Amino acid sequence: MNATTGITWVVGAELPDLAVEPVSRTTLAKYAGASGDYNPMHVDIDAARAAGSPDVFAHGMLSMAYLGRLLTRWFPQRHLRSLRVRFRALTPIHARPVCSGRVVAIEEGRERLARIELSVAVQDGTVTAAGEAVVACPAEERAVV
Amino acid sequence: MIDRALIGAALPAHDEIVDRSRLRRFAEAIGETDPVYVDVASARAAGHPDLPVPPTFLFCLEMDDPGAFAFQAELGIDTGRVRHGEQTFEYHAMAHAGDRLHIASLISDVYSREQRQLDFIVKSTRITRDDELIATMRNVIVILGEDR
């Protein structure tokens, strides 16, 4: 859970998957309240059906928040330089998202940076979000699994 | 089609004070149990002055102003047709509970993919504390066509 059990910053290194709890209606109600995103498509099945969806679906930003958790499990947040996600498919209610990350580049410059490819997939294999994080990884803080 | 004249339009800037109890509720909602994000003593032990703002929470502060979404209503965009296409954060400094953050957004791009009946609005946001840049955000909003 911290730098002493962290990942090795080399190309190909994988962040251990983060399997989050299934997305329930309670999850979405809590996320709506805490985030301030009251879009009814996420919490009101009547509104979702009226708009042509079979049911409510999760906030995209909930998946991105899970990716934030995946990252800050392995390094202090102050090392995070950027986080980018493209939302590729809706996350249906009862989905079981799994977050993955893999180091795809190490760049030496003003500071040493790791580029981490990110994805969130649900149980049928659909990738709901994909993107990238850039993280400062000072050589002296390299830790071994 | 959304009028490209919208490009460059500034949305109402606003200040938000980061609230500890809201950060705790956000942590609970996303299943974050790392004590650094919920317990002030643990946050301080990790070198933070107070609970840190987690990586995606800045997006929530941006939405806290009613004006943040008023432009969608003004354009007659139905909430049921809006999807979040893409989100980017560039981080410059950490923010913490108790910080007063200034949030300034503008519409930085508008474009369409007519064959797919999609319109896109790109919103760019700067978040500052006093005059220090904390983060920038880029939000691609997708609007599904009515016949889709």
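This is a predicted model: local features need pLDDT of at least 70, side-chain atom pairs count only at pLDDT 80 or more; totals for chains, interfaces and linings use all residues.
Strand E2 of chain A and strand E2 of chain B (residues 82–91) are joined by 5 bridges and run antiparallel. The contact involves 34 residues of chain A and 31 residues of chain B.

**Strand pairing**
- One of the residues in this pairing is Leu83(A), whose bridge partner in E2(B) is Phe89(B).

**Extent of the interface**
- Between chain A and chain B, an area of about 2,700 Å² is buried.
- Carbon and sulfur atoms give 58% of that buried area.
- Ala34(A), Met61(A) and Gln77(A) supply 22% of the area that chain A buries against chain B, which is more than any other three residues.

**Polar and charged interactions**
- The count of salt bridges between chain A and chain B is 2.
- A salt bridge is formed by Lys30(A) and Glu28(B), with their closest N and O atoms 2.7 Å apart.
- Polar contacts across the interface of chain A and chain B comprise 12 residue pairs, counted with both residues at pLDDT 80 or more.

**The side of chain A that touches chain B**
- At least two residues of this side come from each of helix H1 (25–35), helix H3 (60–72) and strand E2 (80–87) of chain A.
- By residue class, the side of chain A that touches chain B has 16 nonpolar, 10 polar and 8 charged residues.

Conventions:
Residues are numbered from 1 along each chain as its sequence is written. Chains are lettered from A and ligands numbered from 1 in the order in which they are written. Side-chain values use heavy atoms; hydrogens and water are left out. Contact means heavy atoms within 4.5 Å. Buried area is the accessible area (1.4 Å probe) that two parts lose on being put together, summed over both. A salt bridge is a side-chain nitrogen of Lys or Arg within 4 Å of a carboxyl oxygen of Asp or Glu. A polar contact is a pair of N or O atoms within 3.5 Å; within protein, one must be able to donate a hydrogen and the other to accept it, and residues adjacent in sequence count only if both atoms are side-chain atoms. Helices (H or I, at least four residues) and strands (E, at least two) are DSSP runs, numbered from the N terminus. Ala, Val, Leu, Ile, Met, Phe, Trp, Tyr, Cys and Pro count as nonpolar, Asp, Glu, Lys and Arg as charged, and the others, Gly among them, as polar. Two strands pair if DSSP finds at least two bridges between them.
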